Every structure is written in C-alpha cells, then in structure tokens.
Amino acid sequence: MSSLTTHPSLTKVSTEHAPAAIGPYSQAIISPPFVFVSGCLGFDPKTGQFVEGGVEAQAVQALRNLKAVVEASGSEVGKVVKTTVFLKDMNDFGAVNKIYEEFFGDHKPARSLVEVARIPRDGLVEVEAIASVAPIWRASL
C-alpha cells in the first residue's frame, strides 16, 4: 500500500455540484496555470445515476458536471483550453456535437473526439477538459 500524498504544489478540486469520483481519482487537479478536469459523465449529482434520455441527455448533463467542476476550481468555461470527448458510438457524433456547440457558444477550445469500446458504467458519452486558472492576459502576436 502506497503512502504517497498529493504534492503541495497541486490542489484537489471537489464539488457537490457534480457527481463524486467513482474511483481513486479527483474530480480535478489544479496545477497552475491549469486545472485538469477528469472525465465527466452524464450522472445526476444528487442520485449518482445516469440521467434518462439517451446520449443527448447524458451529453447535456456531462457538460453541466464539467462546468461545475471547472467553476469549483476558480476557473470558468470560457477559459477551457482543451477538451476530449469520448463516445460509445460515433453515430452519435452529430447530436453530441450540436449540444457541445450550444454549450460552448462562440468559445471554441481545442478538442479531440473519439469512439471508445466502453465508458465507465456503460455511459454513452464522457468529457474531460483542461482549463486555465491563470489571470487573463493578452499576448501580442
């Protein structure tokens, strides 16, 4: 058994506004200037069960959960730098992409989207993210 502890330069993020981790991991870890958000599933934070309504409902809830964790870190959705979306079935790309686009609006983080063989607890969609926790600054290019 390991006695390893989290390094003091890192901060664990936890919020009741998103489902608790279902394994030995944190909802997110802040390593300035970024927060690394674990994969968010379409669980209702109150019941710990998937929301009903298929992939669309799970995508909406997964993004709501992602938002809750990002905000609990002190960041905001507009500071998300990169996302990875995992789909059980690439045939759901169009429906999930529409929900994703509505969620992020004019903000367009870098993104990867892949079909995977299986998502925890047989979910249909999972979304993870990296967001900035640094003050906003503008580089002149």
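Start with Thr15: setting aside neighbours within four places in sequence, Thr15 is in contact with Gln27, Ala68, Val69 and Ala72, where contact means heavy atoms within 4.5 Å. This is a predicted model, so local features need pLDDT of at least 70 and side-chain atom pairs count only at pLDDT 80 or more, while totals for chains, interfaces and linings use all residues. Residues are numbered from 1 along each chain as its sequence is written, and side-chain values use heavy atoms, with hydrogens and water left out. Helices (H or I, at least four residues) and strands (E, at least two) are DSSP runs, numbered from the N terminus.

**Thr15 and Gln27**

- Thr15 sits in the loop between strand 1 (11–13) and strand 2 (28–31), and Gln27 has its place in the loop between strand 1 and strand 2 too.
- Thr15 counts as buried because its relative accessibility is 12%; buried means under 20% relative accessible area, exposed over 50%, and partly exposed in between, using a 1.4 Å probe and protein chains only.
- Gln27 is buried as well, with a relative accessible area of 10%.
- A polar atom of the Thr15 side chain lies 3.1 Å from the backbone nitrogen of His17. That is a polar contact, meaning a pair of N or O atoms within 3.5 Å; within protein, one must be able to donate a hydrogen and the other to accept it, and residues adjacent in sequence count only if both atoms are side-chain atoms.
- What does the side chain of Gln27 reach at 2.6 Å? The backbone nitrogen of Thr15.
- The Gln27 side chain also reaches the backbone oxygen of Pro19, at 2.8 Å.
- Not counting residues up to four places away in sequence, Gln27 touches a list of residues including Val13, Ala20, Phe36, Val37 and Val69.

**Helix 1 against helix 2**

- Two packed helices are described by the angle between their axes and the distance between the axes.
- Here, helix 1 (residues 54–72) and helix 2 (residues 93–104) have axes that come within 9 Å and cross at roughly 30°. Axes are lines fitted to C-alpha atoms, for helices over the stretch in contact, and angles run from 0 to 180 degrees between N-to-C directions.
- That crossing makes helix 1 roughly parallel to helix 2; angles under 35 degrees count as roughly parallel, over 145 as roughly antiparallel, 65 to 115 as roughly perpendicular and the rest as oblique.
- On the helix 1 side, the contact is made by Val55, Glu56, Ala59, Val60, Leu63, Arg64 and Lys67. Helix 2 brings Ala95, Val96, Ile99, Tyr100, Phe103 and Phe104.

- Val55 is found in helix 1 and is buried, with a relative accessible area of 7%.
- Apart from neighbours within four places in sequence, Val55 is in contact with Asp92, Val96, Leu124 and Val125.
- Asn65 also has its place in helix 1, and at 2% relative accessibility Asn65 counts as buried.
- Which backbone oxygen does the side chain of Asn65 reach at 2.9 Å? That of Phe43.
- Leaving out residues up to four places away in sequence, Asn65 touches His17, Ala18, Pro19, Cys40, Leu41, Gly42, Phe43 and Pro45.

**Phe50**

- Phe50 lies in the loop between strand 3 and helix 1 and is partly exposed, with a relative accessible area of 21%.
- Beyond residues up to four places away in sequence, Phe50 touches Leu41, Gly42, Phe43, Gln58, Pro120, Arg121, Asp122 and Gly123.

- Most residues other than glycine have a negative phi, and most peptide bonds are trans.
- Pro32 and Pro33 are joined by a cis peptide bond, with omega about 15°; Pro33 is in the loop between strand 2 and strand 3 (34–40).
- Arg121, in the loop between strand 5 (110–115) and strand 6 (125–132), has a positive phi near 55°.
- Asp122 is in the loop between strand 5 and strand 6, and its phi is positive too, near 60°.
- Buried or exposed, or partly exposed: which is Arg121? At 43% relative accessibility, Arg121 counts as partly exposed, and Asp122, at 44%, counts as partly exposed.
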